[in-house]
Amino acid sequence: MISLFDMFKIGIGPSSSHTMGPMVAAGKFIDELQQQYSFSDIERVQIDLYGSLASTGKGHATDTACILGLLGFKADNIDTNKVNEYLAPVLNEQLLNFAGKHIISFNYDTDIVWHPQTTLPHHPNGLSFSAYSNGSIAIAKTYYSIGGGFVATQDEFEQPLMDESSDTHAADSVAITSDSNVPYPFSNGNELLAQCQKHSLSISDVMMANELSLRDEETIHQYLDEVWEVMQQCVKNGCKGEGILPGGLKVKRRAKDMYRQLLDELESPQKSSDKLMAMDWVDLFALAVNEENANGGRVVTAPTNGAAGIIPAVLHYYRDFVPNYNQQGVREFLLTAAAIGTIIKQNASISGAEVGCQGEVGSACSMAAAGLAHVMGLSPAQCTNAAEIGIEHNLGLTCDPIGGLVQVPCIERNAMGAVKAINAARLASRGDGEHHVSLDKAIATMKATGADMMDKYKETAMGGLAVHAYNPDQHPDGSRIEVVEIGVGYPQC
């Protein structure tokens, strides 16, 4: 079982797979290195980025995330307001305080090597770190950022299948609990519903009981409350932010102006009577989170950074527009959402580089729909029906960020996903939980669709809006680039 502590990670924007994952990988590299060497033995470190990490790495801050990780910072507690300060000695003076313990030289132009046309065998998001001592490589390690901040090592991918009857690799068990003695195990939607029915439990009850086999109740509640607090603070920060988002696309932050407009409209009898005004607030909540994420702020992977605005937006809808809101409801919402997220991750993917945006926004929409359905008082069958609707109607959604930045279409896409999640829960409330398409079938379809999807639509910035709505004068690094044909005809920026 995947723990909710792994499904909801507190971290830094703009991307869980391209920012948080590489930062985590750098930390893992430091841990492995110090088991064999002293930091004083190391004179140089090289970073190699492959596939999607190289194609859209600058727009996703993959380069600086790796540097921050090598400096010893962790994604869950770094002060996002001081990132430029931390990076200054590296970028300006070519000095890197390795692991915060040993200063080495680091040349950004030569010590980060980009391989956009080379994909490592196990996942599109591959990277490696090499540490040099006495002029030769002392240790080199390869990692894969597999979505949502999860990181797998080369060795884990090369282990045999965990279960010969499934297609789940050992690498997919990264951050999955090693204790299989949870009271209510489930690996798909049918098994989850069977546990709920057999023991007369809700989905959140099942997830909570499994979590309790690992941690005490107080620790779990504290973490859930912290996740909700970070989500709320992210919305607040987003509603205060103004100006242009970094990266070169010159995308203007809109949440602050929209927040003022909505506050003014509350004072207008004509405007405040608009029965769909709640949707405007949901749009605001999602935009605020994803603008903050695009700005490199503090966010929660839910289940990824690119889709980080959907669950917070729907939770704010629960807080502000559903009469029975309370803190315990938030906990149960998140537990229910996490249960759905674990099923999607185990049976398909939450990685945009692997299956397109259906794996990010689609998964978040599905999770949020189930969480909202639960706090609306719906049955477990209706909750999984809401989750199925959420994923079904995002099937085929491509990941085509313009300029490789988590801005267009990502920010608005979260707003659309949040509204869709609310509608999915409401649709499910009008039924009895039975649906022509089951949650498991929808997830299997998402996986198959992702496998069929051309690579240019999977977080490479080589197709879709990334090509047709791209202004070459607004490239993230300030250079002018052109679309060229490579490989089997995929256009690449």
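Biologist: What is the volume of the largest cavity?

Modeller: This is a predicted model, where local features need pLDDT of at least 70, side-chain atom pairs count only at pLDDT 80 or more, and totals for chains, interfaces and linings use all residues. Residues are numbered from 1 along each chain as its sequence is written, and side-chain values use heavy atoms, with hydrogens and water left out. On a 1 Å grid over the protein atoms alone, a cavity is a set of points where a 1.4 Å probe fits but cannot get out; points are joined across faces, edges and corners, and a volume is the space filled by probe spheres set on the points. On that basis the largest cavity has a volume of about 110 Å³.

Biologist: Which residues are the closest to the centre of the largest cavity?

Modeller: Lining residues have an atom within 4 Å of a grid point, and 15 residues line the largest cavity. The closest to its centre are Gly306, Glu360, Cys399, Val406 and Cys410.

Biologist: How many cavities of 30 Å³ or more does a search of the whole structure find?

Modeller: Rolling a probe the size of a water molecule over the atoms shows where empty space is left. With the whole structure searched, the number of cavities of 30 Å³ or more is three.

Biologist: Now the largest pocket: which element gives the largest share of its lining?

Modeller: A pocket is an open set of grid points with protein on both sides within 12 Å along at least five of seven lines. The largest pocket holds about 920 Å³ of space, and its lining has 41 residues, with Ala61, Val83, Pro246, Asn295 and Gly296 nearest the centre. Helices (H or I, at least four residues) and strands (E, at least two) are DSSP runs, numbered from the N terminus, and those giving two or more residues to this lining are α2 (16-33), α4 (62-70), α5 (83-93), α10 and α13. The largest share, five residues, comes from α10.

Biologist: How far does α10 reach from its first C-alpha to its last?

Modeller: The expected span of a helix is 1.5 Å times one less than its number of residues. For α10, with 24 residues, 34 Å is expected, and the reach is close to that, at 35 Å.

Biologist: Which residue forms a salt bridge with Asp111?

Modeller: Side chains of opposite charge can pair when their charged atoms come close. A salt bridge is a side-chain nitrogen of Lys or Arg within 4 Å of a carboxyl oxygen of Asp or Glu, and the structure holds twelve of them. For Asp111, the closest N and O atoms of the pair are 2.8 Å apart, and the partner is Arg44.

Biologist: Is Asp111 buried or exposed?

Modeller: Buried means under 20% relative accessible area, exposed over 50%, and partly exposed in between (1.4 Å probe, protein chains only). Arg44, at 25%, counts as partly exposed. Asp111 has 4% relative accessibility, so it counts as buried.

Biologist: Which residue is joined to Pro14 by a cis peptide bond?

Modeller: Pro14 lies in the loop between β1 (9-12) and α2. Omega of the cis bond is about 10°, and the residue joined to Pro14 is Gly13.

Biologist: Is Ala461, with its positive phi, buried or exposed?

Modeller: Ala461 is in the loop between α20 (439-452) and α21 (465-468), and its phi is near 60°, a positive value in a residue other than glycine. With a relative accessible area of 6%, Ala461 is buried.

Biologist: And what is the relative accessible area of Asn134?

Modeller: Asn134 lies in the loop between β6 (126-133) and β7 (136-147). Asn134 has a positive phi of about 55° although it is not a glycine. Asn134 is exposed, and its relative accessible area is 72%.
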